[in-house]
Amino acid sequence: AASSRLDELQSKLEDWQMNPEEEKLQEAVVQHPPITFTLKRSMEDCNDDDWVAHVLLQVTFPADYPLHTVPPKIDIVWFILTQKSMVVSSNKPLDSSNLGILDELGLLQAISEQAQELLGMPSVFELVDTWLSEHLFDYITRKDN
C-alpha cells in the first residue's frame, strides 16, 4: 500500500482550509493517497482469561475521507489464538501453535455493520478497541472444541 504521508496531507488540508474556494487545493486533498495504517490488538477472552487472541488489522480510509463521512475499510492481516499457560518450544513456528479458527468473513461483516452505525464519529477506536474486545471471541472457534 502507498504511504499515507500524513504530514503532507496535513499541509494540504491547512492550505485548503485557508482558501476553501481554491479548487486546485481541494483536488490535491482528494488525490492524496488514502490514509492507511496497521493496528495490532491482543485481547483476552472475558469468559476465560487464559485464552488470548492476537490480531493484526489494516485500516484504510476511503480516498475522500477528509471530505465525506464514510467508514474505514478494515482487513484482517494476521490472527492467532493462544493460551497464556501454553508452553511452546523455541524451535516451533508460532503459527503452528494457533489454537483457534477465526470466522473472518463474519467478523468483517459485523465490523462493517457496526461502522455504519458510527458514521460521523471517530470510529476506528470504537471499532477495533471497544467493540472488537467485546465481540472478537464470538467469531473464534477453538480447535479443542
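Biologist: I'm looking at β1 and β2 here; how many bridges join them?

Modeller: 10 bridges join β1 to β2, and the two strands run antiparallel. In general, strands of a sheet pair through backbone hydrogen bonds, either parallel or antiparallel. Two strands count as paired if DSSP finds at least two bridges between them. The strands themselves are DSSP runs of E with at least two residues, helices are runs of H or I with at least four, and both are numbered from the N terminus.

Biologist: Before we go on, what am I looking at?

Modeller: This is a predicted model, in which local features need pLDDT of at least 70 and side-chain atom pairs count only at pLDDT 80 or more, while totals for chains, interfaces and linings use all residues. Residues are numbered from 1 along each chain as its sequence is written, and side-chain values use heavy atoms, with hydrogens and water left out.

Biologist: Fine. What lies between β1 and β2, and which residue pairs with Lys40?

Modeller: Two residues separate β1 from β2, and the strands form a hairpin. Lys40 has Leu56 in β2 as its bridge partner, and Phe37 stands opposite Val59 in β2.

Biologist: And what is the strand order in the open sheet?

Modeller: The order is β1-β2-β3, three strands with antiparallel pairing. β1 and β3 each have a single partner strand and stand at the edges, so one side of each has no neighbour in the sheet. From one strand to the next the twist averages 15°; axes are lines fitted to C-alpha atoms, for helices over the stretch in contact, and angles run from 0 to 180 degrees between N-to-C directions. Between β2 and β3 there are 10 bridges, again antiparallel, and Leu57 has Ile76 in β3 as its bridge partner.

Biologist: Now the helix. Which residues of α4 are buried?

Modeller: Buried means under 20% relative accessible area, exposed over 50%, and partly exposed in between, with a 1.4 Å probe and protein chains only. In α4 the buried ones are Ser123, Val124, Leu127, Val128, Trp131 and Leu132. They sit on the same side of α4 because they cover an arc of only 125° around the axis, taken from the directions from the helix axis to the C-beta atoms. On the face turned away from that buried side you'll find exposed Phe125 and Glu134.

Biologist: What do the buried residues of α4 pack against?

Modeller: They pack against β1 (36-45), β2 (48-60), β3 (73-83) and α3 (104-117). A contact here means heavy atoms within 4.5 Å.

Biologist: I spotted some Phe rings. How many aromatic pairs does the structure hold?

Modeller: Rings of Phe, Tyr and Trp (its six-membered ring) pair if their centres lie within 6.5 Å; planes under 30 degrees apart count as stacked, over 60 as edge-to-face, and the rest as tilted. The structure holds one such pair. That's Phe37 with Phe61, tilted, at 6.2 Å centre to centre and 35° between the planes. Phe37 is in strand β1 and Phe61 in the loop between β2 and β3, 24 residues apart, so the pair links distant parts of the chain.

Biologist: Is Phe61 buried or exposed?

Modeller: Phe61 is buried, at 10% relative accessible area, whereas Phe37 is partly exposed at 29%.

Biologist: And the whole chain: in what order do its elements run?

Modeller: From the N terminus on, they go α-α-β-β-β-β-α-α-β, with four helices and five strands in the protein chain. Of its 145 residues, 34% are buried.
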